[in-house]
Amino acid sequence: MDSIDDILGELPVPTHVTAEDVSFAVKAVTVHAAERWPGGPRCRNDRAPHPCRLHRWGRRVLDQRGPTNRQIRALIAEQEAPQR
């Protein structure tokens, strides 16, 4: 049986990355973070091998936008912070 990644392929990255795209990418990277499993890292959202399609898409969008790893971590921390 083919994996879903083989069937669907990679998600396309927008040609012009907007602030809204960055927001979606941060959410994708946050929600589709890695968890440790006996068989190796898995996506905590869909249990696919990590990095899953949405995590890879989010990282590609963020890489295209140009933030540093430190800025990406800050965006993710902001997304994960409890809402007041």
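This note sets out numbered points on the predicted model shown above.

1. **The nonpolar core.** The largest nonpolar core of the predicted model comprises 11 residues: Val17, Val22, Ala25, Val26, Ala28, Val29, Trp57, Val61, Leu62, Ile72 and Ile76. Helices H2, H3 and H4 (69-80) are the elements that each supply two or more of these residues. Of these, H2 contributes the most, with five residues. In soluble globular proteins, nonpolar side chains tend to be buried together.

2. **Ala28 as a member of the core.** Ala28 belongs to the largest nonpolar core. With neighbours within four places in sequence left aside, Ala28 is in contact with Leu54, His55, Trp57 and Gly58.

3. **His55.** The position of His55 is in helix H3 (residues 53-65). His55 counts as buried because its relative accessible area is 12%, below the 20% limit for that class. Beyond neighbours within four places in sequence, the contacts of His55 are Ala28, Val29, His32, Ala33 and His50.

4. **Salt bridges at Glu10.** The whole structure contains three salt bridges. In one of them, Arg56 pairs with Glu10, and the closest N and O atoms are 2.8 Å apart. This pair connects distant parts of the chain, with Arg56 in helix H3 and Glu10 in the loop between H1 and helix H2 (19-31), 46 residues apart. Arg60 also forms a salt bridge with Glu10, at 2.8 Å from N to O. Here too distant parts of the chain are linked, since Arg60 lies in helix H3 and Glu10 in the loop between H1 and H2, 50 residues apart.

5. **Exposure of the residues around Glu10.** Glu10 is partly exposed, with 44% relative accessibility. Arg56 is partly exposed at a relative accessible area of 21%, and Arg60 is partly exposed at 28%.

6. **The salt bridge between Glu35 and Arg47.** The side chains of Glu35 and Arg47 form a salt bridge with an N to O distance of 3.4 Å. Glu35 is in strand S1 (residues 34-35), whereas Arg47 is in the loop between strand S2 (42-43) and H3; the pair links distant parts of the chain, 12 residues apart. Both partners are partly exposed: Glu35 has 29% relative accessibility, and Arg47 has a relative accessible area of 37%. As for the other salt bridges, shared partners join Glu10, Arg56 and Arg60 into one network.

7. **Leu11 and its contacts.** Leu11 is located in the loop between H1 and H2. Leu11 is partly exposed, with a relative accessible area of 24%. Residues up to four places away in sequence not being counted, Leu11 touches Arg53, Leu54, Trp57 and Arg60. Leu11 and Gly58 are separated by 47 residues in sequence, and their C-alpha atoms are 9.5 Å apart in space.

8. **The cysteines.** The search of the whole structure accordingly gives zero disulfides. Both residues are buried: Cys43 has 0% relative accessibility, and Cys52 has a relative accessible area of 2%.

9. Ile4, Ile7 and Leu8 make up a nonpolar surface patch of about 310 Å².

Note on methods
Residues numbered from 1 in each chain as written. Predicted model: local features only at pLDDT ≥ 70, side-chain atom pairs only at ≥ 80, totals over all residues. Heavy atoms only, no water. Patch = residues over 30% accessible without salt bridge, like charges linked within 9 Å, V, L, I, M, F, W, Y side chains within 5 Å. Areas by Shrake-Rupley, 256 points an atom, 1.4 Å probe, with all protein chains shown as cover. Salt bridge = Lys/Arg side-chain N within 4 Å of Asp/Glu carboxyl O. Helix = DSSP H or I, 4+ residues; strand = E, 2+ residues; numbered from the N terminus. Buried < 20%, exposed > 50% of the residue type's maximum accessible area, 1.4 Å probe, protein only. Contact = heavy atoms within 4.5 Å. Core = buried A, V, L, I, M, F, W, Y, C linked by side-chain atoms within 4.5 Å. Disulfide = S-S within 2.5 Å.
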